[in-house]
Amino acid sequence: MIKTKDFLSKNAMLVILVLVMLLFEALISTSGRGSLFSPENLTNLISQNGYVIILATGMLLCILTGGNIDLSVGSVVILVGAISGIFMVDMKMSPYLSIFLCLVIATLIGAWQAFWIAYVRIPPFVTTLAGMLVFRGLALVIMGSQGIGPFPDSYKALFNSFIPNGGEMIASVSIIIAVVICAVLITIQIVSRMQKMKKGYAVESFVSMVIKLVAVSGIILFVFSRFGQHRGIPVLLVLLGAIVLIYSYYTKNTVPGRYLYAMGGNEKAARLSGVNTKKMMFFAYTNMGFLAGVAALVGVARFNQASTTAGTGFELDAIGSCFIGGASAYGGVGTVGGAVIGAIFMGVLNMGMSILGADQNLQRVIKGLVLLAAVIFDVLSKNRKQAA
Amino acid sequence: MSEPLLRMKNITKVFPGAKALDNVNFSVIPGEIHALVGENGAGKSTLMNVLSGIYPYGTYEGEIIYSNEECRFSKIKDSEKKGIAIIHQELALVPYMTIGENMFLGNERGNAARVDWDETYSKADEYLKIVGLNESSQTLIKDIGVGKQQLVEIAKALAKNVRLLILDEPTASLNEEDSQNLLKLLLKFKSEGMTSILISHKLNEIEQVADSITVIRDGSTIETLVKGKDEISEARIIKGMVGREINDRYPARESHVGGVTFEVKNWTVYHPLYKGRKVCDKVSLNIRKGEVVGISGLMGAGRTELAMSIFGGSYGADISGELYLDGKSANLNNVRAAINNKIAYVTEDRKGDGLVLSNCIRVNTTLAKLSRTSHFDFIIDKDQEVSFAEEYRSRFGVKCAGIEQNVGNLSGGNQQKLLLAKWMFAEPDILILDEPTRGIDVGAKYEIYNIINELVAQEKSVLLISSDMPELLGMCDRIYIMNEGRIVGELAREEANQEVIMAKILQSSKGA
C-alpha cells in the first residue's frame, strides 16, 4: 500500500497525464470524431510538439539553476530560422553546412546572454526580456515582411521523413524496431541489477522491476505499431529521443548535472562546496541558445518556411512544460523526464481540445488554469512535507 | 523603591530541542536605565522578543506585568501601542526611502487614502532635533552612516510615543564618538523620565550609564546589581556572566602536537560591500599537526569572515596576506583550490550556507568532493555513491529514515552531524569548524567533540571558532582571541580561563 502511494506521489503528473488522455479518448470516441490514439494523431502529436520538448529540456536546466527562466527562446527560434532561410534559400548553401552554421550562431546567441547573466549578474529575467525584443526585431529586419521559403527538399527530408521511408514493410519494420528497443531496455535493466547485486548494493524488488518493464515495453510496442499503421517512425522522434536521453543522463549521472541541482537548491552552499556557480549558469544559458537553434531548424523544416510569426509564445510553452512536469519555481528540483511529460501534457490538451472543436480562446483559459494548478500542487505538497 | 514599570515573572521559553529561558524574572523601575548582560546565546534577545510580542502570548510560560496590568501581546503592534519599542542590533530601515518615510513606516501620517507628506516631514524634523541628528528628513537612509541610522531608529521609536525603549547592542557597530553621543542621549531621555533597557557587551559603557544591571546566563537570571547598593565594576559583571562550573562535558584526549602545518601572516580582508572597512586586520595565526586551535571573540569580531576568506576567498574583498601550507606558500584563489589542498570549512549557518535542504542525504554527503565517486570527474558512480553515503551516515550517527531522505526533514543536530560528515568526505587535513555545536543538544555536542578528538588523533588539525567559552576551554590546545578584526591575544590551554579571555576582549574594545 505504502509503495503504491509512494509511486503515485512521485509520478503524480504521469498518472494525471494518462487519466487526461483516457478522458479525451472517451470524449472523442463517443462523439464519433475518431480516436486520440489513431496512427495519424499520434504522429501529429510528435511532429507538432517536438519543438516544445526540445525547448523544455533546455529550459529545465535554466530553471534548475535557481528558478531562472529564458524569455528569449521564441525570438531565438525565429532569428535562427530566418538565418537558416538566408543560408539555404537565398544563398543556396548545402543543408549540412547550414545546419552546422546555424547551431554555432544559436550557441553564440546563447553565450552572449549567458555572459551577462552569469558573469555580470544581470538578472536573467531582464537579460532575456531584452533578448526577446532584440532577436525578434533582428529576425524581422533580415527577413522582411514576407518570410523565407520554400526550403530545399533534401533539407526537409532530414527532419520530416519516416523510418522506413515508404514501402510495403512499414508495419513490420516499425514493430521490429520497437522490439529491439524493448530488448535493449530490458537487457540494460537486468545487467545493472545483476551488477548491483554482485557488489552487494540494494536493489528494487523484482516484481516492481518487472511491472515497470512490462508497462514501458507495452507502451513502446503500442505506439510504434500505430506509427507503423501510418507512415512509419518519424525521424523527429529519433532526434527527440536522443536529446531527451542525453540530457536526462547529464542531469542524473554527471558531476556538472549534480551541481545544477545543488546550486538551485542552495547557491551559497554549492559555492562553499567548490561549485563554480558562474560557470554552471553560463553553461545553462548557452545550452538554451543551442537547443533553441535545434528547435528552429526542426520548425522551418516542418513549415517549409522561415515565417514572420514563428516562435511566438514558445518560451511560455517551454516554461509551462517544466513547471507542469514538477520543476520547482525556486530551482533545484525537476527532471528532464518531467519536462517531457509536461510538454506532452500540453500537446495532448491542445490536440484533444482541437479535435473536440473547442474554441481557441477557451483552450488558452484551460491551459493557463492547468499551469497554475500544477504549480499550486507543487507548492502545497512542499508545505505539507515541511509540516510533517 | 518605587513600583516597577515592568515585571516579567517566571518566563520560560522552549525552542524545539533547547530551553532558551528558564524561569526568568526581570523588573525595571520607571525612569532608570537597566542594563541586560550575558554571553552570546544566554537568552537576552529571546527575553526581549518575548517582551515585545515577537514571540506571541502562548508560546512562552510566565507573566508580563507592565504599568500594573498583565499584558498578553500577540504581535509587535500590541506592545508598541503600550509604548514599548525595541531597536534591534540589525537595523530595520529601508535604504532607498527617506528618513521621514522610514520614521513613520507602518505608522503613516494622514489616512489610508492619502499620506500627509507635509505632516510626515515636519514631524520627522522635530524628532530628528530631539535626538540631535542634523540631517534633513528627506535624506535617503542609504546616504547616512550607521551611527546616524541608529539615531533615526531612536527617533522612530519616539514617534510611537515610547515609554520603554529597548536597545539591543546599539553601539556594536558605532565608533567611539557616535557611541558616546548615543549614551549621552540615553542619559538625556532618562532625565526627561524615559525608561530604557540596554543590552550591551561593552561593559565600560554599562558602567557609565546603567542604574541597575541584570545578568543572564544559560537562560536564567543570575543576579541584579543596583547602583549605589552593589559593587558595579567590570570584573564583578564578568564574574556573573561566566561564573559557571566546567564539568566533564568534554571528552578527554591526550594531545600530540606536531609541526606547523598551516599558517597565515598579515591577513587583511575588507568588507565586500562597504569599501574601506576592514573586517580582518593583519591577522597572523598558525595551526600545528594534531592540534585543536580555538578562536574566541564576540559576535562581529571577524572570526567567520577570517575563516571564509581563508577558505578560497569565499568572503571579502581585497584579501591580502601570506598563506603557508606545510611551510610552502600557497594561493587558494577559489573554494575548489582550498578543497583540493585539503582544507574544509564547516559553516556556522548549516541551513543557509551548508546543506542543500531540497536534496537528499546521499547528494549532500558527496557534494564537496564528487571526484571521489566519479569517473573522469564527470560521470557519477551512483552505486559507489550510495555505499559512501551509507558509510558516512552510520559513522557519524546521522539518524534518518534512509540516505534518500531530504535533508530539510532532519533535526538540527542530525543536520549538523551530516554537515560534518560531508566535509569529512572531502578528506581534509585542516578542518575549520565555525560554531559547530550551536543550537544542538548536549548529547549531539558530545558526539561532535568525540569526532574532533578522533580527527586530531589522526594527525589532522582543527580550527575551532566558538562563542561558547567553556567549549573552547574544554577542547582546545591553544586559543586565539579575536576582537574587531584583530588577534588580541593567544593563550595556551593552561593559562586560559574565561575571565582572562573576557578581560582581553574588553580591554581591546576600550581602545577603539
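This briefing walks through two chains, their folds and the contact between them.

The structure is a predicted model, in which local features need pLDDT of at least 70, side-chain atom pairs count only at pLDDT 80 or more, and totals for chains, interfaces and linings use all residues. Residues are numbered from 1 along each chain as its sequence is written, while chains are lettered from A and ligands numbered from 1 in the order in which they are written. Chain A has 16 helices and 2 strands, whereas chain B has 17 helices and 24 strands. Helices (H or I, at least four residues) and strands (E, at least two) are DSSP runs, numbered from the N terminus.

**Chain A**

- The C-alpha atoms of chain A fill a box of roughly 60 × 60 × 45 Å along the principal axes.
- Of the 388 residues in chain A, 39% are buried. A residue is buried if 20 or more other C-beta atoms lie within 10 Å of its own, exposed if 12 or fewer, and partly exposed in between, with C-beta atoms placed from the backbone.
- Taking contacts in chain A between residues at least 6 apart in sequence, 79% join residues at least 24 apart. Two residues are in contact if their C-beta atoms, placed from the backbone, lie within 7 Å.

**Domains of chain A**

- Chain A is assigned domain 1 (34–166 + 252–383) and domain 2 (167–230); such bounds come from an automatic or database domain assignment.
- The centres of domain 1 and domain 2 of chain A, taken over C-alpha atoms, are separated by 29 Å.
- Where the domains of chain A meet, 7 residues of domain 1 are in contact with 9 residues of domain 2.
- On that side of domain 1 of chain A there are 4 nonpolar, 2 polar and 1 charged residues. Here Ala, Val, Leu, Ile, Met, Phe, Trp, Tyr, Cys and Pro count as nonpolar, Asp, Glu, Lys and Arg as charged, and the others, Gly among them, as polar.

**Chain B**

- Buried residues account for 46% of the 512 residues in chain B.
- For contacts in chain B between residues at least 6 apart in sequence, 68% join residues at least 24 apart.

**A sheet in chain B**

- Chain B holds an open sheet of 6 strands in the order 6-9-10-3-11-12, with mixed pairing. Two strands pair if DSSP finds at least two bridges between them.
- Strand 6 (84–87) and strand 12 (220–226) of chain B are the edge strands, each pairing on one side only.
- Strand 11 (residues 212–217) and strand 12 of chain B run antiparallel, joined by 6 bridges.
- B:R217 stands opposite B:S220 in strand 12 of chain B.

**Where the chains meet**

- The contact takes 28 residues from chain B and 22 residues from chain A.
- Helix 10 (335–340), helix 11 (350–354), strand 20 (379–380) and helix 13 (382–395) of chain B each supply at least two residues of the side that touches chain A.
- Helix 13 of chain B gives the most to that side, with 4 residues.
- By class, the side of chain B that touches chain A has 14 nonpolar, 9 polar and 5 charged residues.
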